Amino acid sequence: MIEFELDGKTVSAKPGSTILEVALQEGKYIPHFCYHKKLSIAANCRMCLVEVEKARGPAPACATPITEGMKVHTCSKMAVEAQQGVMEFLLINHPLDCPICDQGGECQLQDLAVGYGRGASRFEEEKRAVTDKDLGSLVKTTMTRCIHCSRCVRFTDEIAGFQELGMSYRNNHVEVMPFIGKTVDSELSGNIIDICPVGALTSKPFRDTARSWELSRRKSISPHDALGSNIQVHIDKYHKVVRVLPLENDALNECWLSDRDRFSYEGLYHEERTTEPMIKQDGKWIKVDWETALNYAAKSINGVKMDHGSDAIGVLASAISTTEELHLLQKMMRGIGVNNLDYRLGQQDFSLDGKQEGVNYLGSSVTDFIANKSILVVGSTLREEQPLLTQRLRQAAKHDSEIHLISLKQEDVKIKLSSQITIDPRKFSLVLGKILKAACKLSGKTSSIDLTQIEVCEQTQAIAESLFKHNGHIVLGKIARSLADYGQLLILSNEIATVTGGKSGILPDLANELGAQLVGFTPYRAAFNGYFTKGLNALQMLESQRKAYVLLNTELERDAYNTQLALAALNKAETVIVMSAYINEDMLQYADVILPVTPFTETAGSYVNMQGTWQTFNGVTRPLGDSKPAWKVIRVLANKFNLDGFEQDSIEDVRSELTGLKDTSSYLNNNSKFDSFVISLPTITGLVRFGATGIYSGDSIVRRAASLQQTTWAKLPMLTISSQLASKLNLVDGNEVVVKQSHAQNKYNVAVSELIANDTVLLARNHSSINFAGSFDAIEVNA
């Protein structure tokens with residue numbers, strides 16, 4: 001530790017620390033603009049000038065490392081005069097438009113101008129004006145306010161992974177701008193709004209909506225991925241969500257937020273939001289009161305149960321639902337004898353049901369995962385599935401972590417990858433088998449899996465050596481978990497981890513997949529790894545059509561693995577009870593009762609994130625219209641069935657039944673029992689579909705966020721094939737083709753890419769493709 005004197009007080013800090021870092025740790029504020037704890041040091045605003053004894057002049061505190069015995073004065077006459085001089089220069093060209101600036105009330109420049117600015121300007125010349133730049137649908141610019149701190153430039157380069165902003169010209173003509181004709185398209189672009197210390201970069205959706213001091217600030221948890229990002233939701237005087245900002249949590253999202261988490265709030269007030277209970281009679285929808293709707297729903301379910309038995313009822317829910325909602329729903333349905341419960345809507349392989357030894361999770365804490373020096377990610381579109389976790393992997397790679405990626409599409413992850421294998425998804429097991437075989441040879445250990453029919457290649461040998469050397473961590477992403485051999489992939493990853501002395505896990509997609517497993521919202525096991533049950537999984541419920549379906553927070557025709565199958569099953573069912581915050585045209589066709597429940601902002605609840613941390617939150621605003629929190633709806637519906645154990649009056653009463661969530665570590669276990677199997681060269685025939693779910697298509701809220709749907713990410717090609725396949729079919733980019741799958745057929749313009757695996761057809765999952773079959777089923781493309 002180094003000791004030095006800071007404003008007359010002796011302090012100590014680690015070697016390499018700067019004066020500003022130590023001062024902030026000691027609670028001593030030094031004014032600054034360009035410094036940010038997560039970015040490199042630029043020292044170009046000069047606002048943090050301090051006096052260092054025996055130095056030639058004022059020194060920038062952010063860039064001056066501490067030395068033994070140095071004496072620093074942050075409030076001396078020299079320091080204050082230097083800081084005041086810098087402030088005067090910063091304000092020379094700044095427009096005095098605070099009354100109309102969205103940053104007003106939370107502006108660093110405004111705050112520091114009060115403490116270090118002059119009462120009147122001595123600058124009498126003409127101020128310069130700068131043309132605003134188009135950065136896309138999310139960020140609004142007023143570049144005349146820019147003080148050239150370069151925070152936004154460094155963020156896009158260092159955190160987002162690609163420098164989309166730069167500084168052009170010199171001296172008084174300096175401007176921050178994007179590349180000519182380009183916008184800022186990063187999935188993390190909204191963070192430049194937060195780090196901008198002035199009003200140059202502001203939120204376009206929030207623009208001119210409210211003043212910062214008019215807003216109430218409330219804590220919550222983002223539901224859009226399994227990281228569990230902590231957020232701060234801002235509510236206006238009309239009880240409407242108008243802005244979402246990050247709430248710092250260094251263990252999870254740090255001080256950043258993905259655009260999906262930040263701007264999805266627009267979807268909360270979409271025109272398809274439903275706020276009144278409705279029942280269908282004679283093919284027509286009728287708005288009714290809650291009592292009538294709940295009686296109708298209970299009578300419908302009881303009718304199916306009496307006529308066809310409890311097994312004729314299927315219950316499907318999205319993992320965006322809270323833990324309390326999922327707990328009460330499974331408790332109610334099991335109370336009437338229904339074990340057909342599932343949240344794994346996008347999965348097709350359930351071969352390990354009943355064989356798993358615990359709840360599947362990341363395999364470690366997020367911090368430990370990132371700290372691992374060798375990480376293998378299998379089957380994931382990382383930037384779309386886990387934008388903030390990808391950012392942390394990006395930083396890990398800069399500190400010599402070896403990141404390996406196996407997928408069906410060459411990912412532009414903006415990460416320094418040690419290796420990337422792009423391969424047909426039907427060969428994922430083969431690749432993992434080769435890695436396992438190489439790892440066994442390196443470690444001298446054996447596996448019960450038969451690997452005699454395959455040979456290790458150079459790439460798989462290198463990955464195995466990396467994992468063995470660093471006791472690496474292997475995780476399976478959404479693509480891998482959607483494949484027909486997911487069970488084998490999970491077993492292989494566990495075996496590799498065992499042989500290399502590392503860890504294995506999964507990357508859950510939505511916020512509460514672990515919570516759903518923990519409370520027993522599965523067909524094969526009760527809550528907290530309790531007794532085994534026998535029910536149908538999500539795919540079986542659709543293949544073997546049920547007479548009644550109960551849906552919670554899902555648009556099944558968009559969320560199911562096989563959307564064609566889902567629509568057919570729902571349309572043929574005798575009764576479909578939907579608890580949802582939204583309605584759509586397809587839902588109005590297949591549903592019989594729609595019970596309007598609230599999204600996460602209007603209910604208290606909790607999520608269990610990918611590392612197994614239980615995070616609770618309260619509703620940040622009142623329910624819209626006559627909608628109700630789903631846990632209350634389920635509780636009252638259970639009372640209609642005369643079930644015991646549904647007397648909860650508050651969310652705390654529900655949570656009192658979930659005490660096991662306070663420490664989930666004893667339930668987390670990725671291991672599974674399995675019988676030995678053979679890994680061999682697969683026989684590949686025909687084409688396979690890659691049903692890609694876009695970053696802004698993953699759940700009902702995000703799909704309806706208007707600004708997100710205007711981004712480049714939302715406008716990716718609908719149909720993409722490899723250049724080799726295009727050559728084989730005599731196609732060029734832009735040609736119209738006929739795509740067939742099962743009994744669905746449609747015409748699309750094809751995009752040709754070098755990045756996608758051969759014999760793989762990327763047909764995106766959206767409303768235009770809901771009549772097609774499974775996301776990774778066989779498909780045909782004809783010119």
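**Close-up views of helix packing and strand pairing**

**View 1. Contact of helix 2 with helix 3.** The axes of helix 2 (residues 77–91) and helix 3 (residues 108–116) come within 10 Å and cross at roughly 130°. Helix 2 is therefore oblique to helix 3; angles under 35 degrees count as roughly parallel, over 145 as roughly antiparallel, 65 to 115 as roughly perpendicular and the rest as oblique. The crossing is left-handed, meaning that the near helix is turned anticlockwise from the far one by less than a right angle. Gln-83, Gln-84, Met-87 and Leu-91 of helix 2 make the contact with Leu-109, Leu-112, Ala-113 and Tyr-116 of helix 3; contact means heavy atoms within 4.5 Å. By class, the residues of this contact are six nonpolar, two polar and no charged. Ala, Val, Leu, Ile, Met, Phe, Trp, Tyr, Cys and Pro count as nonpolar, Asp, Glu, Lys and Arg as charged, and the others, Gly among them, as polar. The model is predicted, so local features need pLDDT of at least 70 and side-chain atom pairs count only at pLDDT 80 or more, whereas totals for chains, interfaces and linings use all residues. Residues are numbered from 1 along each chain as its sequence is written, and side-chain values use heavy atoms, with hydrogens and water left out.

View 2. Five strands form an open sheet in the order 19-18-17-20-21, with parallel pairing. Helices (H or I, at least four residues) and strands (E, at least two) are DSSP runs, numbered from the N terminus, and two strands pair if DSSP finds at least two bridges between them. Strand 19 and strand 21 (503–506) stand at the edges with a single partner strand each, so one side of each lacks a neighbour in the sheet. From one strand to the next, the twist averages 10°. Strand 20 (residues 473–476) pairs with strand 21 over four bridges, and Ile-474 stands opposite Ser-504.

**View 3. Strand 18 and its partners.** Strand 18 (residues 402–407) is largely enclosed by the rest of the structure, because five of its six residues are buried. Buried means under 20% relative accessible area, exposed over 50%, and partly exposed in between (1.4 Å probe, protein chains only). Five bridges join strand 18 to strand 17 (residues 374–378), and His-404 is the bridge partner of Leu-376. Four bridges join strand 18 to strand 19 (residues 419–422), where Ile-406 stands opposite Ile-421.

**View 4. Helix 8 beside helix 21.** The axes of helix 8 and helix 21 come within 9 Å and cross at roughly 15°; axes are lines fitted to C-alpha atoms, for helices over the stretch in contact, and angles run from 0 to 180 degrees between N-to-C directions. The two helices are therefore roughly parallel to each other. Glu-325, Leu-328, Leu-329 and Met-332 of helix 8 meet Ala-630, Trp-631, Ile-634, Leu-637 and Ala-638 of helix 21. This contact has eight nonpolar, no polar and one charged residues. The buried residues of helix 21 (residues 630–640) include Val-633 and Arg-635. Asn-642, which follows helix 21, has a positive phi, near 60°.

View 5. Seven strands form an open sheet in the order 14-13-24-23-22-15-16, with mixed pairing. Strand 14 (284–287) and strand 16 (341–342) are the edge strands. Strand 15 (residues 313–317) and strand 16 pair in the parallel sense over two bridges, with Val-315 opposite Leu-341. Helix 8 lies across strand 15, strand 16, strand 22 and strand 23, and runs at about 165° to strand 22.
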